[in-house]
Amino acid sequence: MCGIVGYAGPQAASPQAPSSRPLDVVLQGLARLEYRGYDSAGIAVVDEQVRVTKRSGKLKNLREALEATDTDARQTADARQTADAGQTTGAEQVADTGAGMAADTRARQAAGAGQVADAATKQALGTTHGGVAIGHTRWATHGAPTDTNAHPHRGGRDGELAVVHNGIIENFAQLRADLAADGFVFVSETDSEVAAHLLAREVEQTGDLTEAMRATTARLEGAFTLLAVHRDQPGTVVAARRNSPLVVGLGEGENFLGSDVAAFVDSTKEALEIDQDQIVTVTADSVRVIETDGTEVPDPKRFRIEWDVAAAQKGGYPSFMAKEIHEQAGALADTLLGRLVDGTLQLDERDIDESVLRSIDKIVVIACGTAANAGAVVKYAIEHWCRIPVEVELAHEFRYRDPVVTEKTLVVAISQSGETMDTLMAVRHAREQGAKVIAICNTRGSTIPREADAALYLYVGPEIAVASTKAYLGQIAACYLLGLYLAQVRGNLFPEEIAEIMEDLQSIPEKIQRVLDDSAQVEQLAQSMQDATSVLFLGRHVGYPTAMEGALKLKEIAYIHAEGFAAGELKHGPIALIEEGQPVFVIVPSPRGRDVLHSKLISNIQEIRARGARTLVIAEEGDEDVLPYADEVIRVPATRTLFAALLTVIPLQIFACELATAKGLDVDQPRNLAKSVTVE
Ligand code: M6R
């Protein structure tokens with residue numbers, strides 16, 4: 001879940017002409033990766049020594065610590081000048097304490113916990129003449145979110161090495177005992193610190209950080225991306241990955257490492273994929289990739305980053321979530337762009353023979369959270385168009401229940417990040433059973449599309465807010481494209497039918513924009529409901545997963561109890577929750593098309609209203625039938641029943657975002673959550 005950034009640039013010409021570039025790059029990268037975890041943040045920069053600063057809490061705490069360090073450094077410099085003039089000051093003593101790693105090690109051992117390494121950072125980190133830095137933003141697994149448990153972790157008998165880690169080292173207890181017996185001192189409760197000491201011990205033996213990384217990864221079990229720097233190799237960052245993401249950014253005279261490309265998107269658009277169990281050694285002007293057995297990887301896969309920096313900034317909105325909601329019309333247009341070539345639908349990357357697609361007898365959609373809700377929407381469309389049974393399952397449930405999967409099963413793995421561990425493990429399990437896997441993903445270079453047989457990307461741009469919005473729409477639209485593609489390959493629909501459906505789909509972005517332009521009513525509703533303690537959501541057909549998604553949004557960012565139900569299920573239990581004034585959003589399908597759905601839902605509204613519910617009805621423009629039973633009607637443009645899911649969810653996203661904002665909550669970084677869930 002954590003975010004990792006690494007940078008290797010040129011050394012400053014001299015200590016008298018220092019550079020703040022390593023620190024700046026890493027801090028900017030961490031700011032863009034903070035969505036991956038915000039329990040703590042830290043950095044290490046290297047010149048003659050490894051300097052570490054880290055703080056629990058959000059990145060701003062680290063920034064404040066660094067600013068304070070700068071102030072100390074300035075005072076120290078002033079004091080030095082004074083001392084040069086013949087006076088000794090306390091400030092100079094602070095600088096002396098910070099100069100030696102041995103002092104730092106003693107400080108750490110004495111402290112055991114607490115303000116680790118700050119003594120060593122009472123110098124201006126922003127003015128180092130070294131060219132290398134690593135940084136980390138944490139989502140805590142082993143050990144509470146304290147300063148001590150924050151990354152980077154030092155390794156070695158003299159604190160000569162620093163490591164940042166994403167993932168979980170499963171055999172850490174045994175390794176820790178071994179290292180402790182060898183005299184290595186542990187100060188944190190983390191599993192990551194064993195990697196730091198293991199690496200340092202291997203450097204003692206081999207004298208080389210890359211060789212040390214090879215030996216270390218051979219001893220680690222579990223999931224990791226590791227970035228390491230060492231005092232004795234001051235121009236180098238060495239990284240490794242297993243079951244956890246890592247990409248390299250290629251610059252001019254500088255190179256970058258990151259958990260994803262957002263880490264360095266403002267510095268370069270050229271990137272390399274790093275595969276499972278590979279090790280990469282990065283300096284200012286070289287990138288070398290090897291397998292863990294030492295074999296060179298001569299031609300690592302290069303790709304171009306499509307995202308721009310503006311996409312990773314708020315652009316005047318109060319939150320990333322608000323911005324991402326409001327850019328959904330353009331985002332969806334991008335998902336759909338250029339898909340129909342000469343009347344034939346195109347996937348992005350494909351290594352599945354059409355004859356295989358013709359032979360499949362079942363589709364299983366695997367995903368988690370919002371992506372699973374998207375999967376639940378598209379089941380209706382794919383079954384309708386392709387006449388193949390579609391099962392939708394939470395990836396973690398699928399993986400551990402011995403599912404029936406054969407060579408005739410097509411697995412569709414939906415993941416915005418492409419790194420969700422539950423989904424990745426389910427993908428691997430499905431492939432082991434012989435199934436073909438298509439990834440529906442937003443993040444290029446991520447693991448799930450790389451391990452799948454085919455990929456279809458969302459092209460909605462980076463999604464920074466933890467709560468998924470534009471990716472949800474992109475996932476639905478991409479799966480619709482996949483459904484139409486399968487219908488095309490299998491001959492379930494005539495080309496003219498596909499063209500007609502595509503034409504309707506292409507009209508959705510303009511309709512999304514209309515919903516967004518009319519958001520004032522929902523915003524006011526949200527502001528008036530700040531004190532709500534429970535909100536229910538009802539729907540049928542694609543309105544059912546929409547209800548689930550509306551409830552998920554409200555839970556995760558506004559911390560309000562919320563549940564989404566299939567409206568037909570009400571009478572089987574949930575209606576007991578209805579009491580006077582209970583707010584219930586009801587997603588009403590189009591009165592045209594599947595009439596029966598509409599009339600059934602009108603009955604359901606009457607049932608809850610008769611029991612005191614406050615009905616907040618989302619209905620198509622011109623649907624007069626809802627008026628007698630609605631306390632509030634929120635209108636969306638008319639469209640096909642299947643495509644309504646791309647419109648009716650938007651008022652629910654706005655409602656959650658506005659309500660959480662009105663409550664003064666951190667909309668983009670809700671408590672306990674992280675954007676990419678890279679642990680099972
Ligand atoms: O990156 P993914 O799409 O695989 O993420 C899956 C879920 O963790 C994610 O959708 C999560 O539920 C969001 N926070 C929901 O807003």
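Predicted model: local features only at pLDDT ≥ 70, side-chain atom pairs only at ≥ 80, totals over all residues.
T641 has a relative accessibility of 12%, so I put it down as buried. The cut-off I used for that is under 20% relative accessible area.

Next I looked up its distance to A381, which is 260 residues away along the chain.

**The whole chain**

I stepped back for the overall numbers. I have 680 residues in the protein chain, and 60% of them count as buried. The chain has 21 helices and 27 strands. I also looked at contacts between residues with a separation of 6 or more: 72% of these join residues 24 or more positions apart. For the accessible surface I noted about 24,300 Å², with 47% of that belonging to carbon and sulfur atoms.

**W385**

My next stop was W385, which lies in helix 11. Is W385 buried or exposed? Its relative accessible area is 4%, so I wrote down buried.

Then I listed what W385 touches, skipping neighbours within four places in sequence. My list has Y480, G483, L484, A487, N492, L493, I501, L642 and F643.

Which pocket holds the ligand? I found it sitting in the largest one. Two elements each give two or more residues to the shell around the ligand, namely helix 11 (369-386) and helix 19 (543-558). Helix 11 gives the most, with 3 residues.

I counted 15 residues around the ligand, and the closest are S415, Q416, S417, T420 and E556.

In the side chain of T420, an N or O atom is 2.4 Å from a ligand oxygen. For S415, a polar side-chain atom lies 2.6 Å from an oxygen atom of the ligand. T370 does it with its backbone: an N or O atom there is 3.1 Å from a ligand oxygen.

How much of the ligand's accessible area does the protein cover? On its own the ligand has 410 Å², and I noted that the protein covers 91% of it.

Conventions. Residues numbered from 1 in each chain as written. Heavy atoms only, no water. Helix = DSSP H or I, 4+ residues; strand = E, 2+ residues; numbered from the N terminus. Buried < 20%, exposed > 50% of the residue type's maximum accessible area, 1.4 Å probe, protein only. Contact = heavy atoms within 4.5 Å. Areas by Shrake-Rupley, 256 points an atom, 1.4 Å probe, with all protein chains shown as cover. Near = heavy atom within 4 Å. Polar contact = N/O pair within 3.5 Å; in protein donor to acceptor, adjacent residues only side chain to side chain. 1 Å grid on protein atoms, 1.4 Å probe; cavity = no way out; pocket = protein on both sides within 12 Å on 5 of 7 lines; lining within 4 Å. Sits in = over half its atoms within 2 Å of the grid points.
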